[in-house]
Amino acid sequence: MNVTLKQVAQVIQAEWQPTFPDEFIDHISIDSRSLQNNSTTLFFALTGANHDAHVYINDLYKKGVVNFVVQAIPTNFTGAANFLVVENTLKALQSFTVYYRSLFSFPVIGITGSNGKTIVKEWLNYLMNTEYNIIRSPKSYNSQVGVPLSVLASNENHDLGIFEAGISLPNEMAVLEQMILPTIGVLTHLGDAHKEGFTSFEQKVDEKLLLFKQVEALILEYNPKVLERLDKSIKTFTWSTTNPAADVLIKHSAADLYHVITRFTRFDLIIKLQDEQAIANVCTCVATLLFFNYDVKLIQDRIKTLYPIELRLQVKDGLNGCTVIDDTYNSDYQSLKIALDFLDQHKSKEKKTVILSDIFQSGFQPEVVYKKVGKLLQSNAINRIIGIGPKISTYLKDLPNFSGFASTADFLLQFSANSFQNETILIKGARSFKFDEIVVLLEQQTHETVLEINLNAVTHNLNFYKSLLQPQTKIMVMVKAFGYGAGSFEIAKELQFHQVDYLGVAYADEGAELRRAGITIPIIVMNPEPGTYATLLAYQLEPEIYSLRSLHGFIDFVKAKNVSSYPIHLKLDTGMHRLGFEAEQLDELVAVLKNNNWVKVASIFSHLSSSDVPAYKDFTLQQIQKFDAWSQQVIDALQINPIRHILNTSGIFNYSAYQYNMVRLGIGLYGVGNDEQENKQLQNVGTLKTIILQIRNVNAGESIGYSRRYQVTRPKKVATIPIGYADGIPRAWGNEKGYVLIQGKKATILGSICMDAMMVDVTDIVCNEGDEVLIFGQKLPVTELAKQLNTIPYEILTSISQRVKRIFYKE
Ligand SMILES: *Cc1c(COP(=O)(O)O)cnc(C)c1O
């Protein structure tokens, strides 16, 4: 990018008093947490329902950023910077993108649809990047903000753009169309209309088709219901697996063999993928290649090598205390940048190592690419860089901390597991480098049973609860009990990244663990045992104080250590009757705290016992009323101004009027609400799954499992799966009470659950040994299990044993 600030100001019609009018901009940023080239960055301070990036301006200025697009200049700003003032910063970002797009005239493929956008984009990039210098959307950057960031990365060296556009509401497509301005359209699969906020299939189609208003041609599946809604002036190029009316007919012949028939040619094609959705995406790619006049031989060769794409960055436990971040399917500058940001957010060990393959970046000379890559690695303070590939090992060899290998095989020959100790290792390489072989060596031994944690869903759920709150209300998130079973450190890192205000844990050692892993935000310990006061101080953990005894004990401790104003959090018992001060103790509490400089009341709070039970609304309101009065009494008597908080997850959902200055979010973050309407708004976070170990037929008259609990009365096909009560599956769930999902179908648990295994009924399910088994997840919510078992989701989630491996991922 090479534009002047003056140009930008004109395009976005900003008001400004130029401090440095001739400034050149070579980078646009909207995220205060990930910066590069600070002095030539233009920062757009976006605002949303739950965030306002204007609050980061002072920090950014300290880091050297001097150019800002804002809705108002922060009143407390004192430095010398350029402020371009506009009415709406998102609109400004979008109009600048429209302008920037107009500077380029290369062909641009615009992709939309309900499913498959990102896969098709990544595949087209893989299939075409030998012939073209492609700029494409990183990951699935397809939103109102993602599209600008994608398009703004274009430069004069590119000769093909591939951008995806995603919408969830009516009226969003028009501006995406202006920014992408596709010359060739690609429409992928259209799914269920209601899921995306549209009232009908027709409304959704019409909205999506708006992307193609000005295209020279539109590539899509032959579907009369879509074609009839299309403006007749738009030229189409259609494919079908059945209908000969399509321009390209791709007929399944046998196994992985397909016949392709067009008006001009016929040829065979091998497609190694199986599921229907993947085949449809391959067909879209084949049609696109034909449209671009690719040679049949090239199409055959490349389609044969298409592979399923892992769109997720995964975090896994590694050997010798290492953490492994697995990103082994592509390697280009943009995705490296995203992966390095991810590495920084999720590092559990201070030492950062990157194992990186040659970079496939079209549009630049290798000298330029590797110079940029080297700078990026250095600005991310990577402690150790291992470059694998002929190019990277040559071009980066002079970087400090660098070791180079010509090939993956060379690296593996010299590999020694012990040379990796207590570091966070990002493994990022193009598919052809087969870095999965490196991941396997560095990963801890895996079991077949895993609990996958979707960090995007965590973010979504956090934002959902934020949307129910005033923007200034603080959020504490409870990560006690190992983050409700999801993994406390990883969740805490994600929350720290999203700048929540407090974390809550049950015990001091949980807090200490988080501090050692690099969590710096305030942490409250709900049950600070006297024996752990030293730990509290050593790790700056703030205790809940719930009785005069605990208050005196803690004051004595800090006094002895000669520490003053140590933050404490007072808990009032307004009806839960678990822990907390009662009304008649408040005078004494005030007396002890008055003129006491050893501790400082950071917050006063209480806990609702029945915020999820509509029948106890009156009781809940009474609790709130007591809290209001009692906390006010303490505040008035001490003349202090602490944070007040009483709402847990269901409290936020049902009683948001009483949010005071902070709320304490727990189970909802993990994707489980206590209300059906609430659950509809949440995304599933945890997926517990395993595989089928063995399948057998059992005849009538025999029995299954311990104590012959299940008596077979008619022939059964039975699958054994490696998960049992030692993994946290309640034994009460056996004997036909519970079920798991195999191939999307219910498989009832037969007989008693064993320590490490259970047997399920697959008589009516077509399945094989090795197939995946879902215990709970999106398709079988944990709330459903809880209902069957007559318990609550909290218990199921927190019972999953620590031997079940957690895998964290982000899309
Ligand atoms: C666990 C806990 C919460 C969170 O409760 P959820 O129902 O999971 O939202 C809030 N406050 C306190 C004091 C807690 O112990």
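A backbone N or O atom of isoleucine 667 sits 2.8 Å from an oxygen atom of the ligand. Keep in mind as you read on that this is a predicted model.

| Residue | Protein atom | Distance to a ligand oxygen atom |
|---|---|---|
| Isoleucine 667 | backbone N or O | 2.8 Å |
| Threonine 649 | polar side-chain atom | 2.4 Å |
| Asparagine 648 | side-chain N or O | 3.3 Å |

How much of the ligand does the protein bury? Taken alone, the ligand exposes 390 Å², and 93% of that is buried by the protein.

The residues that surround the ligand are Met478, Lys480, Tyr484, Arg578, His607, Asn648, Thr649, Arg664, Gly666, Ile667 and Tyr794. Sorted by class, this shell holds 4 nonpolar, 4 polar and 3 charged residues.

Now for a helix, α23, which covers residues 617-638. With 22 residues at 1.5 Å each, α23 should span 32 Å, and this agrees with the 31 Å between its end C-alpha atoms.

Which residues of α23 are buried? They are Thr620, Gln623, Ile624, Phe627, Trp630, Ser631, Val634, Ile635 and Leu638. Viewed down the axis of α23, these buried residues fall within an arc of 145°, so they line one face of the helix. Asp618 and Gln625, on the other side of α23, are exposed.

Definitions and conventions: Residues are numbered from 1 along each chain as its sequence is written. This is a predicted model: local features need pLDDT of at least 70, side-chain atom pairs count only at pLDDT 80 or more; totals for chains, interfaces and linings use all residues. Side-chain values use heavy atoms; hydrogens and water are left out. A residue is near a molecule or strand if one of its heavy atoms lies within 4 Å of it. A polar contact is a pair of N or O atoms within 3.5 Å; within protein, one must be able to donate a hydrogen and the other to accept it, and residues adjacent in sequence count only if both atoms are side-chain atoms. Accessible areas come from the Shrake-Rupley method with a 1.4 Å probe; for residues, only the protein chains shown count as cover. Ala, Val, Leu, Ile, Met, Phe, Trp, Tyr, Cys and Pro count as nonpolar, Asp, Glu, Lys and Arg as charged, and the others, Gly among them, as polar. Helices (H or I, at least four residues) and strands (E, at least two) are DSSP runs, numbered from the N terminus. The expected span of a helix is 1.5 Å times one less than its number of residues. Buried means under 20% relative accessible area, exposed over 50%, partly exposed in between (1.4 Å probe, protein chains only). The arc is that of the directions from the helix axis to the C-beta atoms.
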